[in-house]
Amino acid sequence: MSKAKGDNKADHRSDKVSPDLDTPTDLPQGGVDKISAALNVLLADAFALYMKSKNFHWHVSGRHFRDYHLLLDEQAAAIFATTDELAERVRKIGGVTLRSIGQVAKLQTVDDNDEPYVPPREMLRELMEDNKKMAAAMRKARKLADDYEDVGTTSLLENFIDQTERRTWFLFEASRQEGGNAE
């Protein structure tokens with residue numbers, strides 16, 4: 001088994017995990033800590049992107065209202081569906097996951113949008129960029145998990161990357177101008 005530099009299977013369990021929650025794993029503690037940290041950022045971003053998608057779903061207007069309203073609701077539901085799997089993956093490998101909205105706010109890399117009005121096409125473009133950013137972060141986390149031979153996490157992230165790329169594609173196509181894609 002290839003180990004990342006500095007990890008040892010004999011490492012003691014992290015003090016961050018309560019003995020009552022100390023899930024057995026064959027992964028080295030350093031790997032558990034690094035993978036858990038990466039997954040917790042993805043989890044925080046999933047909650048932030050879910051909220052932003054719902055915000056835009058609630059506040060979209062204009063001639064494509066119905067299509068955008070339904071698209072954003074569908075995407076928000078798909079994003080929210082990833083949260084439990086991400087959090088449970090952290091726990092399965094012996095890590096500790098998010099416990100509050102405050103932790104989400106501290107860890108999220110997806111920017112909030114609290115503007116009183118956002119034009120519909122800008123909503124779609126902003127969400128497209130956020131999804132692209134999340135896919136890139138998922139690839140980095142997947143590589144980290146692969147470095148520790150954490151097949152469960154790599155498999156989960158591969159599926160989530162595909163879903164994220166699909167959302168990106170749909171947002172791109174929905175935001176296109178008639179006859180082209182010029183701003």
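Asn-131 is buried, with a relative accessibility of 0% (buried means under 20% relative accessible area, exposed over 50% and partly exposed in between, with a 1.4 Å probe and protein chains only). The residue is found in helix H4, where helices are DSSP runs of H or I with at least four residues, numbered from the N terminus. Beyond its neighbours within four places in sequence, Asn-131 is in contact with Leu-49, Gln-75, Thr-164, Arg-167, Thr-168 and Leu-171, contact being taken as heavy atoms within 4.5 Å. The model is predicted, so local features need pLDDT of at least 70 and side-chain atom pairs count only at pLDDT 80 or more, while totals for chains, interfaces and linings use all residues. Residues are numbered from 1 along each chain as its sequence is written, and side-chain values use heavy atoms, with hydrogens and water left out.

One of the partners of Asn-131, Thr-164, lies in helix H5 (residues 151–175). Thr-164 is likewise buried, at a relative accessible area of 0%. Setting aside neighbours within four places in sequence, Thr-164 touches Asn-131, Met-134, Ala-135 and Met-138. Its side chain also joins that of Arg-167 in a polar contact of 3.0 Å; such a contact is a pair of N or O atoms within 3.5 Å, where within protein one must be able to donate a hydrogen and the other to accept it, and residues adjacent in sequence count only if both atoms are side-chain atoms.

Two packed helices are described by the angle between their axes and the distance between the axes. For H1 (residues 29–59) and H4, the axes come within 10 Å and cross at roughly 165°; axes are lines fitted to C-alpha atoms, for helices over the stretch in contact, with angles running from 0 to 180 degrees between N-to-C directions. H1 and H4 are therefore roughly antiparallel (angles over 145 degrees; under 35 count as roughly parallel, 65 to 115 as roughly perpendicular and the rest as oblique). The crossing of H1 and H4 is left-handed, the near helix being turned anticlockwise from the far one by less than a right angle, whereas clockwise would be right-handed. Among the contributors to this contact are Leu-49, Lys-52 and Phe-56 of H1 and Glu-126, Asn-131 and Met-134 of H4. By class, the contact of H1 with H4 has 14 nonpolar, 3 polar and 5 charged residues (Ala, Val, Leu, Ile, Met, Phe, Trp, Tyr, Cys and Pro count as nonpolar, Asp, Glu, Lys and Arg as charged, and the others, Gly among them, as polar).

H2 (residues 65–92) packs with H5 at an angle of about 165°, their axes 11 Å apart. That makes H2 roughly antiparallel to H5. The contact includes Gln-75 of H2 and Arg-167 and Leu-171 of H5, and its residues divide into 12 nonpolar, 5 polar and 3 charged.

Asn-113 lies in the loop between H3 (101–107) and H4 (120–147) and is buried at 11% relative accessible area. Its side chain forms a polar contact of 2.8 Å with that of Glu-126. Glu-149, in the loop between H4 and H5, is partly exposed at 38% relative accessibility, and has a positive phi of about 55° although it is not a glycine.

Technical notes: Helices (H or I, at least four residues) and strands (E, at least two) are DSSP runs, numbered from the N terminus.
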